[in-house]
Amino acid sequence: MTALLEVRDLAVEYDSGERRVRALDGADLTVAAGETIGIVGESGSGKSTLGSAVGRLLPSTANRVTGDVWLAGERVFDLPPAGIRRLRRERLGFVFQDPIASLDPTMRVGKQLKLVLGSKGDPLSHLDRVRLANPGRVARMYPHQLSGGMAQRVALAIAMACQPRLLIADEPTAALDAQVREEVLEVVFSVAAEAGTSIVWLSHDLTAVARRCSRVAVMYGGRVVEDGPAADVLGQPAHPYTAALARSAPAMASLGDRLSPVPGRPPVLAEASHGCAFEPRCPYAEERCAKERPELHVVRTQEALCHRATELVTAS
Ligand code: ATP
Ligand code: MG
């Protein structure tokens, strides 16, 4: 196995008693060592569920999980608790939208970093690495004293402390204002590049992702429906959903992230889909699209889960 991360036919269902949601419906993803990949899709498409599943961080309501996740040659779902702790400590780092929530409110920043580093590391150099001015002062602060951008840098320093092979960044800048957002993204990508760490960046924003990532995977209804080089996915989408996302990208920036960029509503699945989940909103849908689950088609440099992908590309 040469890939760093392999996700195969992953399905996750949440069951809260009154309601069952199939958040992942057979998702596939491969990430090579050192690669930066953006995963985009509307709210509810399953991005966070996918990220959490990789670190086995799913809540207990996610009580049906099938498929496989391999990380650095290890089958994540087979690992005993000690193996999972080692994986999270040595191989995998996470940064989330709300950095304060991932920090201990009662402990100074320097001490939290020291706990992760053990005796081998110097917290100040790790704070310096994420370009925090005056690391000595920041190390003495409590999380509530940090601004949003500072807190995200601290969370990044902790996530990257043990030089993980993979960093999963789940909308790390969604809560920050525009200028700080760019600065924090810059730090995330440069620190990971220096360490040779792969990034999986979960985001709503296809254009932002295409600017920084070599590859983009587009999620819809709990599956990866298109995957390929970022410039090609954005410039010549192979899946009708990606095409709609790409067309609406400039409008999205002014409308704000939370609005649906494509007419209609995304699906909330209760069970495995029988056809293509995008069929009700797709301008190219035919009869079979509602009945048959689409297989993967290779179109130019991309892979797309669309019955008509090859024919639509030839026609365009
Ligand atoms: P967003 O862009 O809003 O972060 P997302 O793409 O990350 O969305 P997920 O958070 O993975 O999507 O959610 C996928 C589906 O699973 C949604 O329908 C969501 O409501 C549901 N879901 C997520 N977490 C839970 C949970 N803990 N319990 C029940 N349902 C959940
Ligand atoms: Mg999410």
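## Domain interface and ligand surroundings

Across the interface of domain 1 and domain 2 the rule finds zero salt bridges, a salt bridge being a side-chain nitrogen of Lys or Arg within 4 Å of a carboxyl oxygen of Asp or Glu. The model is predicted, and local features need pLDDT of at least 70, side-chain atom pairs count only at pLDDT 80 or more, and totals for chains, interfaces and linings use all residues. Residues are numbered from 1 along each chain as its sequence is written, chains are lettered from A and ligands numbered from 1 in the order in which they are written, and side-chain values use heavy atoms, with hydrogens and water left out.

Two residue pairs, both at pLDDT 80 or more, are in polar contact across this interface; a polar contact is a pair of N or O atoms within 3.5 Å, where within protein one must be able to donate a hydrogen and the other to accept it, and residues adjacent in sequence count only if both atoms are side-chain atoms. On the side of domain 1 that touches domain 2, the elements giving two or more residues are helix H2 (81–90) and helix H7 (178–195), and H7 gives the most, with six residues.

Domain 1 comprises 5–91 + 165–180 + 190–273 and domain 2 comprises 102–163, with bounds that come from an automatic or database domain assignment. Their centres, taken over C-alpha atoms, are separated by 26 Å. In contact (heavy atoms within 4.5 Å) are 13 residues of domain 1 and eleven residues of domain 2.

| Residue | Atom of the residue | Distance to an oxygen atom of ligand 1 |
|---|---|---|
| Glycine 46 | polar backbone atom | 3.1 Å |
| Lysine 47 | polar side-chain atom | 2.8 Å |
| Glutamate 171 | polar side-chain atom | 3.5 Å |

Key
Helices (H or I, at least four residues) and strands (E, at least two) are DSSP runs, numbered from the N terminus.
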